[in-house]
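Dear colleague,

I am passing on the structure we spoke of, together with a short account of what came out of it. Please have it open while you read.

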Amino acid sequence: MTVERIEKIFLGLTAAMLLVFLGALFYSAFGMGMHLPDRAGEILPSEVRNTPPFDDPGVREVGDNQYEVVLIGAAWSFTPREIRVPAGAEVTFIATTTDVIHGVHVEGTRVNFMLIPGQIAKVTSTFREPGEHLMICHEYCGAGHHLMYGRVIVE
Ligand code: CUA
């Protein structure tokens, strides 16, 4: 086999791989409806605690087996620290930050999103099994980053 022939084969393989990856991307986005967490609105970081619904953070029942968690991230804690929801309920997190960028990851689940100053994040999930999950900040946010955690308790 000549060098030119080997190069052509590699070029062909490269193009084929790109097509496969692009196909997977399009399929997940449009076929399976996967997308980034919704940007549910904008908010002035300095006014978070005076702006509904963030003036009253916590968990509330909003419908038949539907719950809403209003969550505030601030250096270096989450409000509320403890979130209690029933197993199998549809839980929508509505969250923002009062200062820098934080992350929210509920361990052992697919709940994983960012808190960006000025933005409201909205993520819906269902916790099927009863149990306790650690909720951690996964974006380095300063000296107390490792202290920024909470708990999701599925009852
Ligand atoms: Cu908040 Cu790291």
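Does Glu 82 count as buried, exposed or partly exposed? The model is a predicted one, and in it Glu 82 counts as partly exposed because its relative accessibility is 41%, which lies between the 20% and 50% cut-offs. Its salt-bridge partner is Arg 84, with 2.9 Å between the closest N and O atoms, and Arg 84 is likewise partly exposed, at a relative accessible area of 41%.

Arg 84 also forms a salt bridge with Glu 155, where the closest N and O atoms are 2.7 Å apart. This pair joins distant parts of the chain, since Arg 84 sits in strand 5 (residues 82-85) and Glu 155 in the segment after strand 11 (149-154), 71 residues apart.

Glu 132 counts as exposed at 51% relative accessibility, whereas Arg 151 is partly exposed, with a relative accessible area of 32%.

As to cysteines, a search of the whole structure finds zero disulfides; Cys 137 counts as buried at 5% relative accessibility, and Cys 141 counts as buried at 9%.

Finally, the domain assignment gives domain 1 (1-34) and domain 2 (38-154), whose C-alpha centres lie 38 Å apart.

Methods:
Residues are numbered from 1 along each chain as its sequence is written. This is a predicted model: local features need pLDDT of at least 70, side-chain atom pairs count only at pLDDT 80 or more; totals for chains, interfaces and linings use all residues. Side-chain values use heavy atoms; hydrogens and water are left out. Domain bounds come from an automatic or database domain assignment. A disulfide is a pair of cysteine sulfur atoms within 2.5 Å. Buried means under 20% relative accessible area, exposed over 50%, partly exposed in between (1.4 Å probe, protein chains only). A salt bridge is a side-chain nitrogen of Lys or Arg within 4 Å of a carboxyl oxygen of Asp or Glu. Helices (H or I, at least four residues) and strands (E, at least two) are DSSP runs, numbered from the N terminus.
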